Amino acid sequence: MTELDNLALRAALSRGVLTRRTAMAGGAGAIALALAACGSKGKNPTASGSGSAAPSAKAAQDMSDSEKLVNWSNWPEYIDVDDKTQARPSLVAFTKKTGIKVNYTEDYNDNDEFYAKVRPLLADGKDTGRDVWVSTDWMVARLIRQGYIQKFDLANIPNHKNVDASLMDVEFDKGRLYSLPWQSGFAGIAYNPAATGGKKIETIDQLLTDPALKGKVTLLTEMRDTVGLVMMAMGKKLANFTDADFNAAIDELKKAKDAGQIKGFTGNEYTKPLASGDTAACIAWTGDVVQLQADNPRLGYVLPKTGATLWSDNFVIPAMAKHKKNAETLINYYYDPAVMAQVVDYVNYISPVQGTKEVLQKEDPSVADNPLIIPDAATLANTQVFRGLTAAEETKYSAAFADLTAG
């Protein structure tokens with residue numbers, strides 16, 4: 001993927017990405033540790049993240065046929081918007097096509113914050129007031145483990161056949177019975193050539209050991225990206241790593257920190273220091289960097305040859321949802337390539353739907369030809385998804401990472 005290096009992209013790329021990724025990083029630390037340990041009566045907190053071991057979510061009587069309504073919670077700025085009217089064209093078209101009204105709420109600002117809001121209702125077997133929402137991979141794994149989300153009736157989602165095969169084969173939800181991807185993104189390496197003496201920074205080893213970068217490197221507070229990239233650089237697979245693999249990666253990070261190599265751990269507040277050169281290189285999310293490249297095309301971004309992390313935010317249907325079939329109809333609608341192309345053309349994340357590129361080649365070639373939005377098979381083949389964790393693992397690993405990032 002050498003074409004990604006120093007790739008200057010249009011200024012409108014990744015609307016809202018700064019808001020979203022900051023929010024996702026916000027779950028680190030004490031809140032994450034406390035919530036990771038949460039269980040509930042009658043649930044098995046050590047059940048695996050997928051498959052038959054997960055407890056069954058409670059289902060309500062489905063009112064979809066008599067109530068043409070669906071309640072959808074999503075992250076802010078994560079859907080197409082008409083900049084003049086502020087309407088959401090794809091939702092308007094969905095209601096016109098199906099007669100189903102969508103109550104669309106942008107109240108999902110952080111995975112753990114949202115979980116804390118809905119968990120008491122889910123634990124008590126009550127309706128959350130939502131029929132569908134969008135959770136990040138690791139939160140999906142937790143929700144499956146705790147029996148808080150329902151299996152799809154895929155007969156109501158025939159367009160799921162259009163989902164890219166690379167996003168269907170995930171460890172935390174084998175067969176995609178409980179979740180389907182909404183949008184995806186990468187974590188890789190960003191660097192400022194003005195601060196690296198013109199040197200390209202292309203490997204995790206360079207970040208952690210290159211003397212020229214000492215004290216000018218930042219890593220992410222998102223454990224799954226920072227530790228995940230280090231484990232991949234060590235030749236480990238994120239789908240089946242062990243405690244020993246995780247601890248070995250933590251040890252490598254501690255060595256770098258103790259040696260003064262690492263300036264700090266951040267959410268996406270790395271962007272301004274990277275742009276100014278105060279930070280020479282860092283682990284970074286794609287959307288942040290391409291926004292910076294609009295003003296400074298010399299900034300570099302690389303997906304390491306040892307692999308990049310791939311994350312997705314996913315549709316899920318909670319227990320006791322009152323309009324499950326309507327939610328599945330909504331999900332099916334967005335897996336039409338023409339509809340997903342409309343969304344992707346605005347939000348500029350990775351499309352999960354095959355056929356989106358062909359639509360965009362006619363409507364917006366600059367987006368269709370951007371490998372960070374429509375990655376090719378070779379790029380996707382070199383990415384990995386961090387596996388789902390048991391409750392015990394989540395508590396243990398979060399504690400180890402919190403100890404690393406403290407101070």
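I take helices and strands as DSSP runs, numbered from the N terminus. With that settled, I counted 17 helices and 10 strands in the protein chain. I keep in mind that this is a predicted model.

**Entry 1: the whole chain**

I looked up burial next. The protein chain has 407 residues, and 57% of them count as buried.

**Entry 2: Asp313**

Asp313 sits in strand β9, which covers residues 308–316. Is Asp313 buried or exposed? I found a relative accessibility of 0%. Buried means under 20%, so Asp313 counts as buried.

Which side chains does the side chain of Asp313 touch through polar contacts? One is the side chain of Tyr78, at 2.8 Å. Another is the side chain of Thr136, at 2.7 Å.

**Entry 3: helices α4 and α5**

I moved on to a helix pair. Helix α4 runs over residues 111–123, and helix α5 over residues 137–145. Their axes lie 10 Å apart, and the packing angle is about 25°. Angles under 35 degrees count as roughly parallel, so α4 is roughly parallel to α5. I noted the crossing of α4 and α5 as right-handed.

Which residues meet here? From α4 I listed Asn111, Asp112 and Tyr115. From α5 I listed Trp138, Met139, Arg142 and Leu143. I sorted the contact of α4 with α5 by class: four residues are nonpolar, one is polar and two are charged.

**Entry 4: helices α13 and α14**

I checked a second pair. Helix α13 spans residues 337–347, and helix α14 spans residues 356–363. How do α13 and α14 cross? Their axes come within 8 Å and cross at roughly 60°. That angle is the reason I call α13 and α14 oblique to each other. The crossing of α13 and α14 is right-handed.

I then listed the residues in the contact. Helix α13 brings Pro337, Ala338, Met340, Ala341, Val344 and Asp345. Helix α14 brings Thr356, Val359 and Leu360. By class, I have seven nonpolar residues, one polar and one charged in the contact of α13 with α14.

**Entry 5: looking back**

I put the two pairs side by side. I have α4 and α5 down as roughly parallel, and α13 and α14 as oblique. I wrote "right-handed" for α4 with α5, and "right-handed" again for α13 with α14.

Note on methods
Residues are numbered from 1 along each chain as its sequence is written. This is a predicted model: local features need pLDDT of at least 70, side-chain atom pairs count only at pLDDT 80 or more; totals for chains, interfaces and linings use all residues. Side-chain values use heavy atoms; hydrogens and water are left out. Helices (H or I, at least four residues) and strands (E, at least two) are DSSP runs, numbered from the N terminus. Buried means under 20% relative accessible area, exposed over 50%, partly exposed in between (1.4 Å probe, protein chains only). A polar contact is a pair of N or O atoms within 3.5 Å; within protein, one must be able to donate a hydrogen and the other to accept it, and residues adjacent in sequence count only if both atoms are side-chain atoms. Axes are lines fitted to C-alpha atoms, for helices over the stretch in contact, and angles run from 0 to 180 degrees between N-to-C directions. Angles under 35 degrees count as roughly parallel, over 145 as roughly antiparallel, 65 to 115 as roughly perpendicular and the rest as oblique. A crossing is left-handed if the near helix is turned anticlockwise from the far one by less than a right angle, and right-handed if clockwise. Contact means heavy atoms within 4.5 Å. Ala, Val, Leu, Ile, Met, Phe, Trp, Tyr, Cys and Pro count as nonpolar, Asp, Glu, Lys and Arg as charged, and the others, Gly among them, as polar.
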